[in-house]
Amino acid sequence: MKSSPPDFKPAEESASLNAEQLLRRLEWTVLRRLDGLLQGDYRTLMRGGGLDLADLREYQFYDDVRHIDWNVTARLQQPHVRVFTEDREMAAWFLLDLSPSIDFGSGTQAKRDVSSAFVAALARMLTRHGNRVGAILHGGGADQVIPPRSGRRYVLHLMHAMQERPPAGEIGVTRLQDLLTNAAQMMKRRSTVFVVSDFISEPGWDKPLGLLARRHEVVAVRLLDPLELELPDLGLIPIRDVETGEQLLVDTHDAGFRRRFARIAAQREADLREGLTNAGVDALELSTGDDLAETLMRFVDMRKRRSRLSGGAGMPAHMKVA
C-alpha cells in the first residue's frame with residue numbers, strides 16, 4: 001500500500017481553487033444545516049475510541065443493557081452497570097472506492113461527485129470539533145493511504161487527493177474485499193469507518209466488512225444512480241461496462257428487456273441489502289439525484305433515534321421483578 005508523505009504541500013492553484021470553492025459551498029449549504037440538527041452532539045456520528053471504567057452503580061431505567069456487569073449482578077443479586085469515561089478524541093476513516101464505475105452519472109453529477117461532496121462535508125464537520133480523519137483511496141493500482149489528521153487545510157488535502165487520483169481505466173471487476181482487508185490490517189485503534197462505494201464489486205465483500213465491523217463503528221455509504229435501477233425508453237442505445245470495457249447495443253424500447261433489467265437490478269439490490277445486514281453495519285444511500293444535506297439529515301436523525309433506543313430499552317424481561 002502506498003502512503004502519502006507526512007508533510008503535504010498545497011496542490012496547483014487551479015485544483016486548490018476547485019477544492020476551496022467546493023468546500024466553501026458545502027460549509028454554507030450543508031454544514032450549517034447539519035449543525036442546527038446536531039446542536040453540538042456530533043457524537044451521534046462518531047463514538048469515542050477509548051473507554052475507561054470509572055464506577056459501578058445499580059441499574060436504572062433507560063440504562064444501556066449492554067453495560068450490565070453480570071458478575072457483580074450475580075454476586076449482589078441486584079442489576080449493576082459499568083460507568084465509563086469516554087475518550088473524546090475520535091478518529092474517522094474514509095475507505096474510498098474510486099473504481100471506474102463511480103464515474104457514472106445519468107444527470108448533472110456523477111457518483112464520484114457525490115462521493116467527494118460527502119467526504120468533504122463530513123470530514124470538515126468532524127475536524128471542526130478536533131477529531132482526526134484519514135482515508136484509503138482504492139482503485140487503479142496500489143491503495144493510497146492518507147494518515148488521520150485534523151484541520152481545514154488537511155480536509156483540502158484530502159479533497160485534492162481524490163480529485164487528482166488518476167483514472168483507473170479498464171481494470172476488470174472491482175474487488176472491494178481487498179480494500180476492506182487491507183484497512184482492517186492497517187487500522188489498529190478503534191475508529192469510525194465510512195466505506196464509500198457503489199458496491200459494484202466481485203462477490204465476497206460482506207465477510208471482510210463484517211470482520212471490520214467487529215472492531216470498528218462501520219457505516220456503509222452506498223453510491224447509486226437512478227438509471228442503475230430502471231431503464232427508461234430511450235430506443236436503441238449502446239451500453240458499456242466501464243470496468244471491463246465490454247460493449248452491448250440494447251433496445252430499451254423493448255418493454256420485455258426493460259422488465260428483465262429491472263428484475264435483475266431488484267435482485268442485485270436485495271443481495272446488497274442482505275450483505276450489509278449480514279455484516280451488521282449501518283447503511284446510508286447517496287443518490288446522484290438527491291440533495292446531500294437532506295440525505296445526511298435523515299441519516300443523522302436515524303442515528304440519534306437508534307442511540308436513544310439502545311440506551312433506553314429498559315431492563316430485560318427476565319430481570320424484571322414480578
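1. How close do the axes of helix H5 (residues 176-186) and helix H6 (residues 206-215) come, and at what angle do they cross? In this predicted model, the two axes come within 8 Å, with a crossing of roughly 25°. An angle under 35 degrees counts as roughly parallel, and H5 and H6 are therefore roughly parallel to each other. Their crossing is left-handed.

2. On the H5 side, that contact is made by Gln-177, Leu-180, Thr-181, Ala-183 and Ala-184, while H6 brings Pro-208, Leu-209 and Leu-212. Sorted by class, the residues of the H5 contact with H6 are 6 nonpolar and 2 polar, with no charged residue.

3. Helix H6 also packs against helix H7 (residues 255-279): here the axes come within 8 Å and cross at roughly 30°. H6 and H7 are therefore roughly parallel to each other as well, but H6 passes H7 in a right-handed crossing. Asp-206, Leu-209, Gly-210 and Ala-213 of H6 meet Gly-275, Leu-276 and Ala-279 of H7. This contact of H6 with H7 divides into 4 nonpolar, 2 polar and 1 charged residues.

4. Next, please turn to helix H3 (residues 111-127) and helix H4 (residues 152-164), whose axes lie 9 Å apart at an angle of about 165°. That angle makes H3 roughly antiparallel to H4, and the crossing of H3 past H4 is right-handed. From H3, the contact uses Arg-112, Ser-115, Ser-116, Val-119, Ala-120, Ala-123, Arg-124 and Thr-127, and from H4 it uses Arg-152, Val-155, Leu-158, Met-159 and Met-162. The classes for the H3 contact with H4 are 7 nonpolar, 3 polar and 3 charged residues.

5. Two arginines deserve a look. Arg-112, in helix H3, counts as buried because its relative accessibility is 17%, and buried means under 20%. Leaving aside neighbours within four places in sequence, Arg-112 is in contact with Leu-98, Ser-99, Ile-102, Asp-103 and Met-162. Arg-165 sits in the loop between H4 and H5 and, at 9% relative accessibility, counts as buried too.

6. Which residues touch the most other members of the largest nonpolar core? They are Phe-94, Leu-96, Phe-118 and Phe-194, in a core of 45 residues. H3 gives the largest share of this core, 10 residues. Not counting residues up to four places away in sequence, Phe-118 touches Phe-94, Phe-194, Val-196, Val-221, Leu-284, Leu-286, Leu-292 and Leu-296. Apart from this core lies another, of 21 residues, including Trp-93, Val-145, Leu-209 and Val-218.

7. Finally, the overall picture. The protein has 8 helices and 11 strands, and 45% of its 322 residues count as buried. Among contacts between residues at least 6 apart in sequence, 76% join residues at least 24 apart.

Conventions
Residues are numbered from 1 along each chain as its sequence is written. This is a predicted model: local features need pLDDT of at least 70, side-chain atom pairs count only at pLDDT 80 or more; totals for chains, interfaces and linings use all residues. Side-chain values use heavy atoms; hydrogens and water are left out. Axes are lines fitted to C-alpha atoms, for helices over the stretch in contact, and angles run from 0 to 180 degrees between N-to-C directions. Helices (H or I, at least four residues) and strands (E, at least two) are DSSP runs, numbered from the N terminus. Angles under 35 degrees count as roughly parallel, over 145 as roughly antiparallel, 65 to 115 as roughly perpendicular and the rest as oblique. A crossing is left-handed if the near helix is turned anticlockwise from the far one by less than a right angle, and right-handed if clockwise. Contact means heavy atoms within 4.5 Å. Ala, Val, Leu, Ile, Met, Phe, Trp, Tyr, Cys and Pro count as nonpolar, Asp, Glu, Lys and Arg as charged, and the others, Gly among them, as polar. A nonpolar core is a set of buried Ala, Val, Leu, Ile, Met, Phe, Trp, Tyr and Cys residues joined through side-chain atoms within 4.5 Å. Buried means under 20% relative accessible area, exposed over 50%, partly exposed in between (1.4 Å probe, protein chains only).
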